[in-house]
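Reader: Please take a close look at one part of this model, the surroundings of the ligand, and describe them in a connected way. I would also like to see how that part sits within the chain as a whole.

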Amino acid sequence: MKKGLLIILSGPSGVGKGTVRAMFSQNPDLNIAYSVSMTTRAKREGEVDGKDYFFVDRQTFEKAIQNNELLEYAEFVGNYYGTPAKYVDDLRNQGKNVLLEIEVQGAQQVKEKVEDALTIFIIPPSLAELEKRIRGRRSEDEAIIQKRLAKATKEMELVSHYKFVVCNEDPALAAQIISLIIKRHMLN
Ligand code: 5GP
């Protein structure tokens, strides 16, 4: 069986990665499995353990690092985030195209290990629009919002490390563009 693709989707927090992802990953033709990450950040309202993230404490996370269980990991605004390696491998070996929604440092680590990873970066129409979206989420205090905004500006400087850059002006359109990119790579 042909091994599935490894797809990395990055973009500053608040850009709408989750919304766009939900729109294209349901398309059965794309045969996508979402890689659920492990994180030490607190659960937001509506998030489900095991679906959005595996929510763990720092000790559990650090144990996973020591045991080499993570394909990549990074600290982002004071919390750990990482990708459990075994799940990704198993699904790719079953022919699934595995999607990682991760930030830029983690993406860099994956690229070093998996050279043919398909990398896609989502940008907002503008930084002002991004700030509006982050504030609209209303789930975090001002200090965290400021850190996320500063981080967003830094992350945007790294778009050239990605093979494709897609603007999320309209989520349905961004999802269609990403679907086309994935379909094209499934033919390789
Ligand atoms: P949030 O707290 O908004 O859910 O996520 C913060 C950032 O961490 C986002 O850019 C998200 O894509 C990224 N992220 C989520 N899971 C992982 C992961 O497993 N590894 C890395 N490196 N970043 C992740």
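Author: In this predicted model, 16 residues surround the ligand, and the closest of them are S37, R41, Y53, Y81 and E103.

Several polar pairs can be followed from the oxygen atoms of the ligand to the protein. A polar side-chain atom of R148 lies 2.9 Å from an oxygen atom of the ligand, while a polar backbone atom of E101 is 3.2 Å from an oxygen atom of the ligand.

The space that the ligand takes is the largest pocket. Among the secondary-structure elements, those that give two or more residues to the shell around the ligand are β5, which runs over 70–76, and β6, which runs over 79–84.

As for the chain that holds this site, its secondary structure comes to seven helices and nine strands. The radius of gyration of the protein chain is 16 Å, close to the 16 Å that the globule rule gives for 188 residues, so the chain is as compact as a globular protein of that length. Along its principal axes, the C-alpha trace of the protein chain spans about 50 × 40 × 30 Å.

Definitions and conventions
Residues are numbered from 1 along each chain as its sequence is written. This is a predicted model: local features need pLDDT of at least 70, side-chain atom pairs count only at pLDDT 80 or more; totals for chains, interfaces and linings use all residues. Side-chain values use heavy atoms; hydrogens and water are left out. A residue is near a molecule or strand if one of its heavy atoms lies within 4 Å of it. A polar contact is a pair of N or O atoms within 3.5 Å; within protein, one must be able to donate a hydrogen and the other to accept it, and residues adjacent in sequence count only if both atoms are side-chain atoms. On a 1 Å grid over the protein atoms alone, a cavity is a set of points where a 1.4 Å probe fits but cannot get out, and a pocket is an open set with protein on both sides within 12 Å along at least five of seven lines; lining residues have an atom within 4 Å of a point. A molecule sits in a cavity or pocket if more than half of its atoms lie within 2 Å of its grid points. Helices (H or I, at least four residues) and strands (E, at least two) are DSSP runs, numbered from the N terminus. The radius of gyration is taken over C-alpha atoms; the globule rule is 2.2 Å times the number of residues to the power 0.38.
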